[in-house]
Structure formats: structure tokens, C-alpha cells
Amino acid sequence: MARIPTPSGEPDDSTDTYVGLDADAAERSARERGWSTVRALPPGAIITMEYRAGRLNFEVRDGRVTRAWKG
């Protein structure tokens, strides 16, 4: 029987540190801290709710991160 892969860990990082940052700077910082996927979304974007380990989501308004969450 095949082994179930273990998801990679996530950086020990508070999502609050990204709120208020310029979106490009926030993405660079997140990747430097080890996030494998960084996704920038406009306010009210329709997204699926599946959780993906290693993904950091940003809600971006006028070029600034207004909300950040894992998964």
C-alpha cells in the first residue's frame, strides 16, 4: 500500500505581519520566510475553501495587503 505523503511544514510566521504592507513587498517577504505559495486576491474574490499547507493568501486593496491568512 502506498504511503500517504506528509505535508510540508509552514513557516512559524504571524499573518498579521503582512497586513498594511505593499503587496509586492509582502510577497517577497513571505517567500523569503519560506512560504511555497503566495496568492494575492482582490477584495470579495470568489475562492475555493480547500486548505493547502504552505500557502499564504493576501487580500489586496489599492496595492496594500488588507488581510492575510494561511491555507
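How many bridges join strand β2 to β3, and do the two run parallel or antiparallel? In this predicted model, six bridges join β2, residues 55–61, to β3, and the two strands run antiparallel. One of the facing positions is Phe58, which stands opposite Ala68 in β3.

Now the sheet as a whole. The sheet is open and has three strands in the order β1-β2-β3, with mixed pairing. β1, residues 37–41, and β3, residues 64–70, stand at the edges; each has a single partner strand, so one side of each is left without a neighbour in the sheet. On average, and with direction ignored, neighbouring strands here are turned by 25° against each other.

Next, the helix. α1, residues 23–32, packs on this sheet and touches β1, β2 and β3. The direction of α1 makes about 170° with that of β2.

As a general point, nonpolar side chains in soluble globular proteins tend to be buried together. The largest nonpolar core here has 11 residues. They are Tyr18, Ala23, Ala26, Ala30, Trp35, Val38, Leu56, Phe58, Val60, Val65 and Ala68. At least two residues of this core come from each of α1, β2 and β3. Take Ala23 from that list: leaving out residues up to four places away in sequence, Ala23 touches Val60, Gly63, Arg64 and Val65.

First, Arg39, in strand β1. What is the nearest side chain of opposite charge to Arg39, and how far away is it? It is Glu50, at 5.3 Å. Arg39 is buried and has no salt bridge. With neighbours within four places in sequence left aside, the contacts of Arg39 are Ile47, Arg55, Leu56, Asn57 and Phe58.

Is Asn57 buried or exposed? Its relative accessible area is 0%, so Asn57 is buried. Again not counting residues up to four places away in sequence, Asn57 touches Arg39, Leu41, Arg67, Ala68, Trp69, Lys70 and Gly71. Asn57 and Trp35 are 22 residues apart in sequence, and their C-alpha atoms are 10 Å apart in space.

To recap: three strands in the order β1-β2-β3, a helix packed on them, and a buried Arg39 with no salt bridge.

Conventions
Residues numbered from 1 in each chain as written. Predicted model: local features only at pLDDT ≥ 70, side-chain atom pairs only at ≥ 80, totals over all residues. Heavy atoms only, no water. Pairing = 2+ DSSP bridges. Helix = DSSP H or I, 4+ residues; strand = E, 2+ residues; numbered from the N terminus. Axes fitted to C-alpha atoms, helices over the stretch in contact; angles between N-to-C directions. Contact = heavy atoms within 4.5 Å. Core = buried A, V, L, I, M, F, W, Y, C linked by side-chain atoms within 4.5 Å. Buried < 20%, exposed > 50% of the residue type's maximum accessible area, 1.4 Å probe, protein only. Lys, Arg positive; Asp, Glu negative; His and termini not counted. Salt bridge = Lys/Arg side-chain N within 4 Å of Asp/Glu carboxyl O.
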